[in-house]
There are 4 protein chains.
Amino acid sequence: MSADLRIAVLGVGMMGAFHADALATRVKGATVTVVNDFAADKAAEVAARIGARVVADPFEAIADPEVDAVLIATPGAAHAGQVQACLDAGKPVLCEKPLTTDIASSYALVQAEAKLDRPLVQLGFMRRFDAEYVTLHDLITSGGLGNPLLVHCTHRNPTVPEHFNSEFMIRDSVVHEVDVARFLLDEEITSVQVLRGVATSAAPEGTNDPMIVVFETTSGRLVTDEIYVRSGIAYEVRTEVVGEAGSAMIGLDQNLVRTTTDGRWGGTITPGFVERFGQAYDTELQRWVAAAKQGTIDGPGVWDGYAAVAVCEAGVQAVRTGEKVPVVMEARP
Amino acid sequence: MSADLRIAVLGVGMMGAFHADALATRVKGATVTVVNDFAADKAAEVAARIGARVVADPFEAIADPEVDAVLIATPGAAHAGQVQACLDAGKPVLCEKPLTTDIASSYALVQAEAKLDRPLVQLGFMRRFDAEYVTLHDLITSGGLGNPLLVHCTHRNPTVPEHFNSEFMIRDSVVHEVDVARFLLDEEITSVQVLRGVATSAAPEGTNDPMIVVFETTSGRLVTDEIYVRSGIAYEVRTEVVGEAGSAMIGLDQNLVRTTTDGRWGGTITPGFVERFGQAYDTELQRWVAAAKQGTIDGPGVWDGYAAVAVCEAGVQAVRTGEKVPVVMEARP
Amino acid sequence: MSADLRIAVLGVGMMGAFHADALATRVKGATVTVVNDFAADKAAEVAARIGARVVADPFEAIADPEVDAVLIATPGAAHAGQVQACLDAGKPVLCEKPLTTDIASSYALVQAEAKLDRPLVQLGFMRRFDAEYVTLHDLITSGGLGNPLLVHCTHRNPTVPEHFNSEFMIRDSVVHEVDVARFLLDEEITSVQVLRGVATSAAPEGTNDPMIVVFETTSGRLVTDEIYVRSGIAYEVRTEVVGEAGSAMIGLDQNLVRTTTDGRWGGTITPGFVERFGQAYDTELQRWVAAAKQGTIDGPGVWDGYAAVAVCEAGVQAVRTGEKVPVVMEARP
Amino acid sequence: MSADLRIAVLGVGMMGAFHADALATRVKGATVTVVNDFAADKAAEVAARIGARVVADPFEAIADPEVDAVLIATPGAAHAGQVQACLDAGKPVLCEKPLTTDIASSYALVQAEAKLDRPLVQLGFMRRFDAEYVTLHDLITSGGLGNPLLVHCTHRNPTVPEHFNSEFMIRDSVVHEVDVARFLLDEEITSVQVLRGVATSAAPEGTNDPMIVVFETTSGRLVTDEIYVRSGIAYEVRTEVVGEAGSAMIGLDQNLVRTTTDGRWGGTITPGFVERFGQAYDTELQRWVAAAKQGTIDGPGVWDGYAAVAVCEAGVQAVRTGEKVPVVMEARP
């Protein structure tokens with residue numbers, strides 16, 4: 001077998017540590033050689049657990065001679081510089097969303113990568129690796145639903161921290177449906193409208209939770225998204241595509257142990273994203289590692305990251321203004 | 001419109017009162033003119049509620065000039081004489097199971113009816129009028145499942161009175177699956193075997209609850225029936241037919257309001273037979289009334305009642321002996 | 001038993017004939033004595049089938065001495081005068097939607113009935129009698145979902161006639177969701193917005209099929225409705241209510257004979273409204289007959305009819321303008 | 001990270017090649033160094049694909065100094081000698097079912113392993129690693145169903161080769177339910193009865209397909225198993241456990257992309273065991289590799305293999321005799 005891909009993990013908060021552990025224990029052909037985090041004790045703890053070195057400076061970690069590829073799970077504000085450094089070093093990078101925190105810096109990365117002879121930047125939109133989303137995508141592209149006309153999304157979290165206000169809900173949660181819609185429909189989102197109704201009493205004053213977000217696409221299709229992050233129940237992510245020849249829905253039934261233990265039939269719902277998308281994360285990592293060994297990517301790229309940033313920016317404006325806001329995007333190089 | 005069918009209801013315990021109320025409030029073209037019960041106060045109460053007369057003697061009730069047809073919901077031991085009286089009077093009768101309490105008297109009724117020019121005796125096997133059983137039956141007869149090979153039945157009650165011992169379970173509960181199997185497969189049951197395992201601690205000493213009952217049919221098909229009357233959960237009645245070209249199941253999902261109210265998806269299960277088979281009872285009565293106005297029946301007849309008695313008798317022997325017991329039946333006239 | 005309620009059925013097109021047959025064959029305590037239709041042959045055919053008289057003039061039918069109550073299933077344009085005649089005659093009336101074809105005439109009926117000492121006008125919003133909608137309503141009013149925040153509706157027909165354009169879709173189809181939303185949330189709808197995307201190629205030029213309709217209610221709740229009347233598949237009517245303490249959905253799974261006949265699990269979907277709402281129609285009629293015998297109604301009334309007309313009028317404006325249109329309603333007397 | 005576990009794969013037919021590919025591409029910490037098969041070309045093909053050496057003699061493969069552990073997927077008749085050789089070499093082994101082809105040789109392996117200080121032999125009962133079976137097992141052991149009373153199994157294949165006769169169905173298919181029952185109930189099976197009904201016309205003369213197999217356990221519980229290997233539909237594996245406090249079922253709904261594409265709701269069913277149990281096989285291998293690095297096993301062991309052989313032997317006798325046949329087992333060392 002070829003040697004393992006040597007990976008630097010930048011940022012080992014919840015998401016980064018989850019990936020580091022997966023790479024160390026479940027992903028074939030990968031070795032985490034370097035761990036970096038601005039919190040030195042956290043970096044040390046993860047590094048010790050998986051047998052890696054701590055490198056205190058993220059740019060040194062990227063440049064480290066024992067690093068073939070980089071997984072970025074640092075806070076969004078750090079992404080622009082770190083992804084650029086990976087591009088400069090010619091090292092494949094898997095960057096958790098968002099690509100960057102503003103449109104201009106995201107587009108700069110699009111342009112920077114376009115000067116290379118191959119893509120190096122993959123975005124961590126893990127749903128594209130979820131078996132149900134893949135089946136749904138295949139059903140659409142095979143024509144099984146006819147021309148898709150509508151997409152309905154539901155995204156509910158049981159609870160979130162206090163700082164999840166309306167804008168944060170767009171940038172952190174709706175961003176997944178942005179990518180899902182683009183992935184399933186294979187076209188860009190051109191406008192965003194946010195419908196605000198009665199908020200749950202669990203939401204802080206001024207936070208519109210739940211909201212209904214409506215996207216329009218290049219060809220004029222409509223995508224609706226219920227985003228409700230304090231539902232109190234479970235992690236529910238559903239998508240329904242309605243086409244000219246049928247409809248298809250994923251995410252309704254889960255954990256298929258049906259019980260009749262209390263005068264009810266039914267089952268449990270996944271409590272969080274790890275349970276719901278665990279397989280997707282593992283598949284994403286396994287396929288990225290295989291691609292990175294070839295010096296490339298296998299999944300959503302820098303353009304998808306840029307588009308998501310642009311749509312979310314319009315979404316934030318839509319929250320602020322209550323109007324339908326057009327998505328402004330530069331030409332694809 | 002033609003005048004209402006005038007009905008005597010014999011026996012107004014739980015089942016009879018349920019029927020009397022249905023006839024009085026929901027069944028078109030029917031009027032309960034006479035109510036009879038050995039408990040005079042109960043008869044008076046029901047009669048007052050629905051505007052009928054009490055007739056204290058069941059045979060006088062049958063003979064009453066204001067009675068066109070008879071619904072028998074008295075204890076099983078009274079059925080033989082009462083059904084015979086209806087035949088003698090030439091009046092259509094809907095008799096709740098069992099037809100009679102022994103094989104000989106049931107066969108005597110088969111023979112008595114055979115001397116008439118048309119059927120008068122209908123048995124109260126209401127499942128034949130349940131929309132799901134009808135659809136399943138249609139699916140089989142239309143060839144949608146190919147040749148049916150196996151039938152699997154599940155029959156669970158949440159709780160039953162103390163006197164529901166193993167033999168009672170056969171005569172009172174399994175009797176429904178006897179008729180279901182005969183209805184769906186359109187052939188006779190030829191043997192019964194009862195498999196006894198570990199009993200629930202809710203069962204009295206000596207009562208095999210649950211049991212697995214196995215029928216063989218004339219053509220050699222197998223029917224399995226889990227009968228479990230102290231499940232503690234709900235009223236669950238399922239039937240699955242497995243054929244050469246597919247399988248079909250009814251009764252699994254119920255009350256299709258799906259909720260996600262407590263970290264679970266799912267719904268409630270019908271608590272009892274009224275909720276589960278309410279529509280079937282109403283349809284049974286409506287169609288019987290229409291047929292009785294024409295002096296005939298529209299549903300399972302005296303032969304079906306006789307066959308059920310014969311199979312249950314074998315079932316009781318199977319409980320006692322632990323052996324596979326053949327069903328002994330006379331020739332159909 | 002008391003004598004049957006004697007009913008005149010005005011209009012025996014598809015809907016009226018369906019009701020006339022139900023009253024004649026399935027509804028206890030009702031006799032259709034008079035049938036009226038502008039098409040004389042159609043009236044004669046139905047009258048002959050159910051044993052009623054034809055009365056050629058609808059106002060004579062209403063006034064007929066052998067008529068205790070009236071069921072109106074004539075074209076909408078005839079409703080205003082016919083309902084007013086029933087009010088004048090003091091006869092209970094069950095009027096199919098719409099109450100009338102414009103807001104002013106509907107409000108006039110509201111005012112006319114308010115002068116009486118009891119309600120006489122019931123609207124034919126049959127979903128309020130559907131077992132699943134009733135359960136959903138009970139779940140909300142019992143607090144089982146907490147404060148309801150959102151309602152999502154889906155309304156798909158397999159196919160419709162050519163004349164079902166966008167405005168017709170509002171008046172004829174969305175009107176049901178208008179009543180469902182008002183019934184479930186127990187408050188008025190205050191605005192309507194219509195989102196128009198890509199239309200199915202099965203729709204005529206200029207018809208927005210499907211559409212997403214969004215209602216706001218008095219308290220600010222949001223209701224979304226996908227209306228898609230040329231889905232090519234089946235009659236699919238779903239409603240999901242999302243509350244602070246859980247969500248509940250009806251209409252997803254139907255006809256619960258699960259089959260595995262072709263490498264798929266699943267079941268069939270109701271092809272049309274008769275199959276989906278047959279029980280609701282029967283229950284509606286049975287309860288209306290019982291109430292009408294008492295000279296009153298038991299279900300949605302003239303105000304519900306008026307509100308539906310007012311919301312649909314706003315909906316039609318919303319289709320025309322693309323804007324969010326406020327619902328204008330007079331005060332409730 | 002520690003060095004990879006070096007594995008010899010003996011037998012690279014369908015199952016062995018599947019495992020070899022999984023070890024080479026998806027299982028962390030494992031390298032297949034040696035491939036062996038009596039078919040030299042098959043061995044060469046697989047070895048080339050995954051970068052391993054061919055060793056023509058299975059015992060030399062076991063003894064190879066570059067082999068730390070052994071995966072046996074050879075025909076059952078070869079297992080006894082190969083597993084013994086692994087025990088002699090002190091190398092961990094994952095042996096596909098059956099452990100051996102007769103009771104005596106299986107028990108000899110039980111005794112041989114008992115002389116060692118730790119278990120080395122793991123059996124390839126992959127269902128113990130399936131997420132649904134694990135959840136079901138957890139539900140039972142946590143008391144969520146109360147005392148389990150009954151287990152109902154369904155095992156349907158779409159089609160099998162001609163040589164799958166009744167005895168083969170026991171040894172090759174029912175063996176999985178033997179292990180499932182023992183795993184879920186945590187006790188031994190003490191008798192086997194086989195009920196034979198009407199066979200599908202797809203079965204060769206003399207083959208009882210489907211059959212109903214009934215197990216009794218030490219404590220007297222009943223386990224029913226419908227085994228139907230020519231269903232023509234799909235690969236359907238269901239298990240329902242019925243306890244004193246509720247029931248639970250797995251395997252009914254699959255591939256949860258619900259479609260309404262053809263007047264039906266529903267989804268597809270897994271066509272074969274790879275699709276149904278792919279995750280279970282991967283988890284089995286990953287955990288076995290981790291354990292084997294420690295010189296031990298992590299899953300069903302030699303005793304489970306022996307018990308399965310003993311129960312299947314009784315099952316074959318039950319097929320031949322039509323009687324209930326006791327399972328004869330030696331004492332556990």
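Select Glu188(A) and show what surrounds it: leaving aside neighbours within four places in sequence, Glu188(A) is in contact with Arg182(A), Glu216(A), Thr217(A), Thr218(A), Trp303(A), Ala307(A) and Met329(A), where contact means heavy atoms within 4.5 Å. This is a predicted model, in which local features need pLDDT of at least 70 and side-chain atom pairs count only at pLDDT 80 or more, whereas totals for chains, interfaces and linings use all residues. Residues are numbered from 1 along each chain as its sequence is written, chains are lettered from A and ligands numbered from 1 in the order in which they are written, and side-chain values use heavy atoms, with hydrogens and water left out.

Staying with Glu188(A), its place is in the loop between α7 (166-185) and β8 (189-196) of chain A; helices (H or I, at least four residues) and strands (E, at least two) are DSSP runs, numbered from the N terminus. The side chain of Glu188(A) makes a polar contact of 2.9 Å with the side chain of Arg182(A), and another polar contact of 2.9 Å joins the side chains of Glu188(A) and Trp303(A). A polar contact is a pair of N or O atoms within 3.5 Å; within protein, one must be able to donate a hydrogen and the other to accept it, and residues adjacent in sequence count only if both atoms are side-chain atoms. In the loop between α7 and β8 of chain A you will also find Asp186(A), whose phi is near 55°, a positive value in a residue other than glycine.

Next, select Asp282(A) and Arg26(A), whose side chains meet in a salt bridge (2.8 Å, N to O). Asp282(A) lies in helix α8 (residues 273-293) and Arg26(A) in the loop between α1 (14-25) and β2 (30-36) of chain A, so the pair ties together parts that are 256 residues apart in sequence. A salt bridge here is a side-chain nitrogen of Lys or Arg within 4 Å of a carboxyl oxygen of Asp or Glu, and the structure holds 104 of them over all chains.

Now show chains B and D together. A rotation of 180° with 0.0 Å of shift along its axis superposes chain D on chain B (RMSD 0.0 Å), the superposition being by least squares on the C-alpha atoms of residues with pLDDT of at least 70 in both. That is the relation of a two-fold axis, and in chain D the C-alpha nearest the axis is that of Thr224(D), 4.7 Å from it.

At the interface, 37 residues of chain D are in contact with 37 residues of chain B. The two chains bury about 2,600 Å² between them, 60% of it on carbon and sulfur atoms; buried area is the accessible area (1.4 Å probe) that two parts lose on being put together, summed over both. In chain D, Leu149(D), Val198(D) and Glu244(D) lose the most area to chain B, together 20% of what that side buries. Across this interface the rule finds 4 salt bridges; to see a salt bridge between these chains, select Arg156(B) and Glu240(D), whose side chains meet at 3.1 Å, N to O.

Finally, move to Pro98(B), in the loop between β5 (93-95) and α5 (103-114) of chain B, where the peptide bond from Lys97(B) to Pro98(B) is cis, with omega near -5°. In chain C, a cis peptide bond joins Lys97(C) and Pro98(C), with omega about -5°.
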